[in-house]
Each structure stands twice: as structure tokens, then as C-alpha cells.
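Colleague: I'm new to this one. Can you walk me through how the labels on it were reached?

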Amino acid sequence: MDQIDQEANNNSSSDGNTSFFKTLFNGLNAIIGVGLLSMPYALASGGWLSLILLLAISGAAGYAGLLTKRCMDANPKIKTYAEIGEAAFGKLGKTIVSIVLYVDLYLVLTGYLILEGDNLHNLFPEMNIHMKGISIGGKQSFVIIIAVALLPTVWLDNLSILAYISATGVVSALLILGSILSVGIFDGVGFHNKGELLNWKGIPMAMSLYMFSYSANPVFPTLYSSMKKKHHFSKVLIIGFACATICYTSMAILGYLMFGSALQSQITLNLPTHTLSSKIAIYTAWISPLSKYALMMEPVAATTESWFPKYQKNKGFKILLRTILVATQVVVAVTIPFFGSLMSLVGALLSATASITIPCLCYLKISKNSGRSIEHMFIMLLILLSLVIVALGTYTSLRSIIKEAIKHHRH
């Protein structure tokens with residue numbers, strides 16, 4: 001294992017050639033995720049005042065990102081997210097951080113496949129696959145088709161090529177926002193829903209979905225290592241989080257004013273499918289995860305490859321392994337088709353842990369936090385906030401998944 005880490009380190013240190021703007025695009029693409037589509041649903045769950053939570057979580061995740069950078073500055077040998085855990089808490093720290101990172105990104109990727117299936121089924125409701133007496137439903141058949149289409153991007157392991165794909169992801173997020181605004185103004189939907197000020201029952205769901213939308217922290221070490229002028233990374237984070245928060249807040253407010261409590265787990269499912277603006281939004285929502293899938297899969301694939309040191313350099317083995325990873329996600333995506341509840345569970349259980357708890361704990365341990373008592377108290381407060389999200393959110397998401405599974409089973 002140590003030899004693998006050493007090789008990974010050597011590769012990463014020679015990789016520091018990505019420009020400020022390329023890193024910014026990669027960062028923006030990682031932060032502004034599929035959460036954009038579930039923002040209005042999150043706001044409808046918690047009511048208008050839950051926007052305060054959105055801003056708090058954005059600030060906490062952004063600050064934890066800066067702590068991740070400080071941990072890496074403290075020890076130039078640190079290249080990956082798991083190595084931050086190792087620097088702070090030894091081998092056990094590395095193992096725990098690797099597991100959280102792995103499961104978090106794995107489920108996020110599975111969520112992308114469910115999202116693709118939902119959106120395409122919305123566009124082509126008649127679609128079914130019939131082969132040799134086997135019949136596959138619309139959503140499931142789209143999940144399989146998308147997974148096959150994504151496979152070639154997963155076989156690439158070059159992050160500089162992925163920077164160009166990231167640019168399309170950022171543009172598509174802005175396009176979705178623009179077309180939804182256009183649906184409200186020109187397609188007779190309007191912005192007439194008052195909504196409610198606060199819905200206590202929906203707060204855990206809202207909190208988990210907000211958290212899920214800021215779950216990019218595990219990708220930051222990869223971006224930081226690839227950057228040419230590393231001292232500019234703080235700027236990348238600040239600009240990235242500011243842009244993401246403006247996008248998320250705008251989307252949440254627009255969607256809630258348009259559809260009120262009738263919002264579904266993704267706003268694209270509420271849109272009238274016959275209008276041009278809606279079609280643009282739905283098709284773009286379909287493209288958006290395609291631009292992120294390979295970027296988010298990279299740490300998962302690299303971790304899995306490191307379990308087989310003998311074959312790590314074997315191209316054929318890499319392709320086979322990555323294909324198996326995608327195949328297992330298809331199985332999960334077809335078996336758990338409730339996007340909102342799955343995202344909320346990932347947000348609660350893993351995103352909060354990976355994007356706030358772990359960076360804060362590791363920073364306190366690595367820095368020994370000498371003489372910064374106010375900051376020390378603040379970091380402890382953030383850890384507490386993330387644990388509240390984990391406890392409340394996991395409970396409500398699991399309850400909601402069980403409820404939906406029973407309903408699904410009855411039908």
C-alpha cells in the first residue's frame with residue numbers, strides 16, 4: 001500500500017500544471033452539482049426561513065474547504081483526501097476517511113443515474129425494452145442506456161481532459177437556471193405561490209438536501225494537487241462557493257414561487273414538457289450529470305485500483321474494474337428509484353461527514369490549533385452542526401425511503 005501511495009504522490013506532484021481558470025472550472029463543476037435541481041424541493045420542504053440554513057451550510061462547507069487546504073499546506077506530502085486523515089489520525093484515520101469518501105461518492109454517482117432515468121422517462125414516457133421475453137420498464141431501461149453511454153468517459157483517467165468537460169457542466173447549470181426563469185415568465189406558469197414561512201417537519205429533509213449540494217470537499221485535494229500556483233487555491237474556493245450559492249438560492253426561490261408545495265424531488269419533473277424553455281431545461285439537466293460523472297468517479301476508481309497493487313498499471317484491468325463499478329451502480333439505481341430520499345440520505349449521512357466533520361477534526365489535530373481560541377471554538381461549533389445534520393437527516397431520510405419502498409411494493 002505504501003508503495004502505491006508513494007507512486008500516487010509522485011504522479012500528483014508532477015501534475016501541478018493546471019491553470020487558475022481550469023481549476024476554477026473543475027471546482028465550480030464539482031460544487032454546483034445535481035443539487036441544483038432539488039433546491040426548490042428542499043426549500044418547499046423547509047419553508048422560506050430554511051434559506052438561512054442554506055447560507056449557513058454553504059459557509060461551513062466553504063470554510064472546511066479552506067481548512068482542507070491548510071492541512072495540505074502543513075505537509076507537502078499530502079496529495080489525497082485519505083492522506084489528510086492519515087496525517088491527522090494515522091492508519092485508522094486513513095481507513096475511515098477512505099470509507100466515507102468511497103461510499104459518499106459512490107452513492108452520489110448512483111443518484112446521477114437515477115436522475116438521468118427520471119428525466120429521460122419524463123421526455124419519453126412510452127419507452128420500454130422487450131428482449132427474449134424480458135420486459136424492462138422505462139426508467140430502468142434509461143438508467144442502463146445512460147450507464148453504457150457514460151462508460152467511455154469513465155475509462156479516461158486524465159484530469160486535464162476532464163477540465164473541458166467541466167466547462168460544459170458549468171455552462172449547463174446556468175442554462176438550466178435561465179430556462180426555468182423563462183418558463184416562469186413566458187410559459188404561463190408565473191410566480192404566484194406564496195409558500196410557507198417555516199415547516200418544522202420538513203427542516204431535516206431541507207437540511208440534508210442543502211448539505212448534499214455542497215458535498216464536493218473530497219474532490220478538493222485532487223484539484224489542489226493539480227494546480228500550478230497553489231497559493232491561489234483559496235480564491236478558487238471563495239469564488240466557487242459564492243457562485244454556487246447564488247445559483248442555488250436563485251433556483252430555490254424561482255422554483256418555490258412557481259410551483260409552491262407541488263414541487264417534486266427535481267424541478268424538471270414539474271415543468272410543462274411541451275414548451276421550448278422546458279425542453280431546454282430538461283435536456284440540459286440530462287447533460288449536466290454526464291459532465292460530472294467521470295470527475296466524481298475518479299477518486300472511487302483510483303481507490304478501488306489501489307486494492308490490487310499488482311494490476312494497478314494494467315490498462316485492461318483498469319477498464320474492467322471501472323466497468324464493474326458502473327455496473328454495480330446500475331443495479332443500485334434500478335433497485336432504489338427514489339431520487340429525493342436517496343440524495344437526502346447521502347447528504348445527511350455522508351456529505352456532512354466528508355465535507356465538514358472530517359476536515360474540521362483533521363485540521364484541529366494537525367494544527368494543534370495553537371493560540372487561536374476563537375477559531376478553535378468556531379471549528380468545534382461547525383463539528384457540532386455537522387453532527388446534528390447527520391443525526392436528524394439520516395433518521396428522516398431512512399424513514400422516507402422505507403415509506404416509499406412500502407408504497408412502491410404495494411403498487
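Modeller: Start with Thr268: leaving aside residues up to four places away in sequence, Thr268 touches Leu37, Asn119, Asn122, Ala281, Ile282 and Ala285. Keep in mind that this is a predicted model.

Colleague: What makes Thr268 count as buried or exposed?

Modeller: Its relative accessible area is 0%, and buried means under 20%, so Thr268 is buried. As for where Thr268 sits, that's the loop between H10 and helix H11 (276-306).

Colleague: Which residues of H2 and H10 make the contact?

Modeller: From H2 you have Phe20, Thr23, Leu24, Leu28 and Ile31, while the H10 side includes Phe233, Val236, Ile239 and Tyr248. By kind, the residues of this contact are 11 nonpolar, 2 polar and 1 charged.

Colleague: Which residues have the most contacts inside the largest nonpolar core?

Modeller: Leu113, Tyr210, Tyr214, Tyr293 and Met297, in a core of 117 residues. Helix H5 (residues 81-123) gives the largest share of this core, with 18 residues.

Colleague: What does Met297 touch?

Modeller: Leu109, Val154, Leu325, Val326 and Gln329, again not counting residues up to four places away in sequence.

Methods:
Residues numbered from 1 in each chain as written. Predicted model: local features only at pLDDT ≥ 70, side-chain atom pairs only at ≥ 80, totals over all residues. Heavy atoms only, no water. Contact = heavy atoms within 4.5 Å. Helix = DSSP H or I, 4+ residues; strand = E, 2+ residues; numbered from the N terminus. Nonpolar A, V, L, I, M, F, W, Y, C, P; charged D, E, K, R; others polar. Core = buried A, V, L, I, M, F, W, Y, C linked by side-chain atoms within 4.5 Å. Buried < 20%, exposed > 50% of the residue type's maximum accessible area, 1.4 Å probe, protein only.
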